[in-house]
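Subject: Structure handover

Hello,

Here is the structure we talked about. Please open it alongside this note, which goes through what was found.

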Amino acid sequence: MTPPFRASRSAAPASPSPRQAAAPSPEARAALAWLHGARFLTTASRLDQLPGDELPEIAFVGRSNAGKSSAINRLTQQKRLAFASRTPGRTQHINLFDLGPRDAAEARLADLPGYGYAAVERAAKLRWQEVMAQYLELRRPLHGVVLLADARLGLTDLDQRLLALIAPRVAGGEVRLLVLLTKADKLNRNDAQKALRDAGEALAAFGGESADIGVTTFSALSGQGVADVAEALRGWIAARPPQAGAAGAAEPAEPSEPPQPPEPAP
Ligand SMILES: Nc1nc2c(ncn2[C@@H]2O[C@H](COP(=O)(O)OP(=O)(O)OP(=O)(O)O)[C@@H](O)[C@H]2O)c(=O)[nH]1
Ligand SMILES: [Mg+2]
């Protein structure tokens, strides 16, 4: 089933607060139950520390403080699964969480470090940008990207640079993209609508025949968008064709050129 905010191939924005008052559909309830079963798998500071199987990964990316860890906690209904903090730059590794039956995980969530936080030491920042760029450009199991942006700021230059990194994989349909305009509890209805419109326009450039791009407002605080996002993520995984053997090397090939990740904010 297609959630109401699905931007399909044109990245047209949906109206804010879909289904706020309504009870979640059976599909959304099933998707939420699936996410509630998330459990920590591992943490990695380099790509070669990530699992070598082919389970599809859904990566949460965005500026530091955008609300990635809070979104994961809300979606999985676990207060401290992903650490959330008032201190920007808190998440400093790729943290992976398994989804699906305990004895047969079927997908993973990946909480990635945020970018754009000026106070992180420069060398660490550069190293992280490179790890993140390699992950997004080369990690084979990467199945979908959830890009979080503060709804009051919209898609910033740094977000646009990240989008440019994944654009080829999104355009080819290999990686799905869902943009969450977060902290929507801080916006009134008009401002939320404008934020959706602006983001939809910015995303239109990344469309293409095979692209699966969506955008919606979201609040980890109020729960706005949670059921729809759960359904979208579940849909990404459920729609996968059966895999021929889950095992296999997932090591990324060496990049032919150094990737160009988002730069540190001034
Ligand atoms: N009002 C409001 N605040 C939120 C929401 N989501 C997150 N926050 C707050 O924003 C701050 C940052 O949230 P995190 O989830 O730690 O952000 P992050 O993107 O994981 O940050 P890094 O790990 O530094 O990249 C915390 O103080 C959260 O409580 C939301 O939906 N509404
Ligand atoms: Mg975090």
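Pro56 lies in the loop between strand 1 and strand 2. Helices and strands here are DSSP runs, numbered from the N terminus; a helix (H or I) has at least four residues and a strand (E) at least two. Pro56 is partly exposed, with 18 other C-beta atoms within 10 Å. The cut-offs: a residue is buried if 20 or more other C-beta atoms lie within 10 Å of its own, exposed if 12 or fewer, and partly exposed in between, with C-beta atoms placed from the backbone. Pro56 touches Ala107, Pro141, His143, Ile237 and Arg240, leaving out residues up to four places away in sequence. Contact means that the two C-beta atoms, placed from the backbone, lie within 7 Å. Take His143: 87 residues separate it from Pro56 in sequence, yet the two C-alpha atoms are 5.3 Å apart.

Some ground rules. This is a predicted model: local features need a pLDDT of at least 70, side-chain atom pairs count only at pLDDT 80 or more, and totals for chains, interfaces and linings use all residues. Residues are numbered from 1 along each chain as its sequence is written, while chains are lettered from A and ligands numbered from 1 in the order in which they are written.

Confidence
pLDDT is the predictor's confidence in each residue, from 0 to 100. The protein averages 83, and 78% of the residues score at least 70. Two stretches need care. Over residues 6-20 pLDDT stays under 50, and the model has 45 contacts beyond four places in sequence for them. Residues 244-259 also stay under 50, with 28 such contacts. Where pLDDT is low, the predicted coordinates should not be read in detail.

Overall layout
The protein has six helices and seven strands. From the N terminus on, they run α-β-β-α-β-β-α-β-α-β-α-β-α. Of its 266 residues, 47% count as buried. Among contacts between residues at least 6 apart in sequence, 79% join residues at least 24 apart.

Seven strands form an open sheet in the order 1-3-4-2-5-6-7, with mixed pairing. Strands pair if DSSP finds at least two bridges between them. Strand 1 and strand 7 (213-217) stand at the edges with a single partner strand each, so one side of each has no neighbour in the sheet. Neighbouring strands are turned by 20 degrees against each other on average, direction ignored; the axes are lines fitted to C-alpha atoms, and angles run from 0 to 180 degrees between N-to-C directions.

Strand 3 and strand 4 run antiparallel, joined by five bridges. Phe97 stands opposite Leu109 in strand 4. Phe97 also has its C-alpha atom 7.2 Å from that of Thr42, 55 residues away along the chain. Thr42 lies in strand 1 (residues 39-44). Thr42 counts as partly exposed because it has 14 C-beta neighbours inside 10 Å.

The core
A nonpolar core is a set of buried Ala, Val, Leu, Ile, Met, Phe, Trp, Tyr and Cys residues joined through C-beta atoms within 7 Å. The largest has 70 residues, of which Phe60, Val179 and Leu181 touch the most other members. Leaving aside neighbours within four places in sequence, the contacts of Phe60 include Lys68, Ala71 and Ile72, as well as Leu109, Val146 and Leu148.

Helix 2 and its ends
How many residues of helix 2 are buried? Nine of its nine. These buried residues pack against helix 1 (26-36), strand 2, strand 4 (107-111), strand 5 (142-150), strand 6 (176-182) and helix 6 (226-238).

Asn65, in the loop between strand 2 (57-62) and helix 2 (68-76), has a phi of about 80 degrees although it is not a glycine. Asn65 is buried, with 22 other C-beta atoms within 10 Å. Just after helix 2, Gln77 takes a positive phi of about 55 degrees. Gln77 is in the loop between helix 2 and strand 3 (94-99). With 15 C-beta neighbours inside 10 Å, Gln77 counts as partly exposed.

Helix 6
Helix 6 has 13 residues and spans 18 Å from its first C-alpha to its last, close to the 18 Å expected. That expected span is 1.5 Å times one less than the number of residues. Its buried residues include Val226, Val229, Ala230 and Leu233. The buried residues of helix 6 pack against helix 1, strand 2, helix 2, strand 5, strand 6 and strand 7.

Best wishes
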